[in-house]
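Subject: The structure for you to look through

Hi there,

Here is the structure I promised to hand over. Please open it next to this email, and then read on for what was found in it.

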Amino acid sequence: MYLKTKEANLYYEVQGAGKPILLIHGVVVDAGLYEHAARLLAPYYQVITYDRRGNSRSGEVYVEEYDISAQVRDAEALLEHLGIQRVFLAGTSAGAIVAQELMKARPALVSHLLMYEPPLVSLLEHQEEEQAWIARMEETISRGRINTAMLEFMKSLGEVDDRREEKSEEEAFREMRNFQHFMQQEFSVFLHYHPELSWFAGMCGKITVAIGERSGPSKYARAAQAFQEKIGCELLHFPGCHNLPGDLPADYVNSLMGVLARKGW
């Protein structure tokens, strides 16, 4: 299904019935990251997934803005379109940043926020090294060396889970088309993002941060833990690596269901 707004034409899917859960994907991937997980959740919840603007099936964009506030407007428009007044948010990687800013914009809308490995690199130690890495990546991108930049970025994600399910040819092809969009439109948006820590500390009871047990010392697992330590929210370890919802959907759902049960959703 599609929702056409003044800014974008958003592809979305709704499965199941019951209390709503909005799952927001990260970069390069799309709603397909949650395809199997959504099916497993659908007997118990109304599960909403969508392709963020500029990605895959939401590639038709009328307002060329890709900052986080634009991403939040899209999520708000989708929830309003579906008549949802309260929702459980779960975001993976950059999708967790969109989710946390949606919570900040509309706190009464969000029952709880689950952030899985948000790339909050501005919170890491040795900021000179981190900013130098970002600058090198941006220079590579500006020179049009998208594949080189993408390979370097993939290394920063950490271990690849050898237990992961194979993607369909259609999903893999969609993701290939997203490489350039991510590098040219989203890389700097997400990698330079810095959360308003004092605000999120005040909401720590409604936030859970999770990292993968096999993510090890990866940049984004460390960044997620740094955020958790700074705001004092709950920290969980989920099985798997950075792309857990797509790699091991049943394990992701089992972990998510545990959070949902404890939060009364």
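Predicted model: local features only at pLDDT ≥ 70, side-chain atom pairs only at ≥ 80, totals over all residues.

Most residues other than glycine have a negative phi. His 126 is not a glycine, yet its phi is positive, at about 55°. With a relative accessible area of 54%, His 126 is exposed, because exposed means over 50%.

Ser 56 is another non-glycine residue with a positive phi, here about 45°. You will find Ser 56 in the loop between strand S4 (46–50) and H2. Is Ser 56 buried or exposed? Its relative accessible area is 15%, so Ser 56 is buried, the limit being under 20%.

**Gln 71 in helix H2**

Next, please look at helix H2, which covers residues 68–81 and includes Gln 71. Gln 71 has a relative accessibility of 0%, so it counts as buried. Which side chain does the side chain of Gln 71 join in a polar contact of 3.4 Å? The partner is Glu 186. Leaving aside neighbours within four places in sequence, Gln 71 is in contact with Tyr 50, Arg 52, Arg 53, Tyr 66 and Val 98, as well as with Glu 186.

**Gly 91 and Thr 92 in strand S5**

Strand S5 (residues 87–92) holds Gly 91, and Thr 92 lies in strand S5 too. Gly 91 is buried, with a relative accessible area of 2%. Thr 92 counts as buried at 1% relative accessibility.

Gly 91 and Tyr 116 are 25 residues apart along the chain, but their C-alpha atoms are separated by 6.2 Å. Beyond neighbours within four places in sequence, the contacts of Gly 91 include Ile 24, Tyr 34, Leu 114 and Tyr 116. For Thr 92, again leaving aside neighbours within four places, the contacts include Ile 24, Tyr 34, Tyr 116, His 242 and Pro 245.

**Salt bridges**

Side chains of opposite charge can pair when their charged atoms come close. How many salt bridges does the structure hold? There are 20.

One of them joins the side chains of Arg 73 and Glu 7, at 2.8 Å from N to O. This pair links distant parts of the chain: Arg 73 sits in helix H2, while Glu 7 is in the loop between strand S1 (2–4) and strand S2 (9–15), 66 residues apart. Arg 73 counts as partly exposed at 30% relative accessibility, whereas Glu 7 counts as buried at 16%.

In another salt bridge, the side chains of Glu 35 and Arg 39 meet at 3.0 Å, N to O. Glu 35 and Arg 39 are four residues apart in helix H1 (residues 35–41), so about one helical turn separates them. Glu 35 is partly exposed, with a relative accessible area of 29%, and Arg 39 is partly exposed as well, with 46%.

Glu 170 forms a salt bridge with Arg 174, with the closest N and O atoms 3.4 Å apart. About one helical turn separates Glu 170 and Arg 174 because they are four residues apart in helix H6. Glu 170 is exposed, at 54% relative accessible area, but Arg 174 counts as buried at 7%. Elsewhere, salt bridges that share partners join Glu 7, Arg 53, Glu 65, Arg 73 and Asp 74 into one network.

**A cavity**

Rolling a probe the size of a water molecule over the atoms shows where empty space is left. A search of the whole structure finds one cavity of 30 Å³ or more. About 50 Å³ of space lies in the largest cavity. Which helix gives the most to the lining of the largest cavity? It is helix H6 (residues 169–191), with three residues. The lining of the largest cavity includes Val 27, Ser 93, Phe 153, Phe 182, Tyr 220 and His 242. By kind, the lining residues divide into nine nonpolar, two polar and no charged.

Enjoy exploring!

Best wishes

Notes
Residues numbered from 1 in each chain as written. Heavy atoms only, no water. Helix = DSSP H or I, 4+ residues; strand = E, 2+ residues; numbered from the N terminus. Buried < 20%, exposed > 50% of the residue type's maximum accessible area, 1.4 Å probe, protein only. Polar contact = N/O pair within 3.5 Å; in protein donor to acceptor, adjacent residues only side chain to side chain. Contact = heavy atoms within 4.5 Å. 1 Å grid on protein atoms, 1.4 Å probe; cavity = no way out; pocket = protein on both sides within 12 Å on 5 of 7 lines; lining within 4 Å. Points joined across faces, edges and corners; volume = space filled by probe spheres on them. Nonpolar A, V, L, I, M, F, W, Y, C, P; charged D, E, K, R; others polar. Salt bridge = Lys/Arg side-chain N within 4 Å of Asp/Glu carboxyl O.
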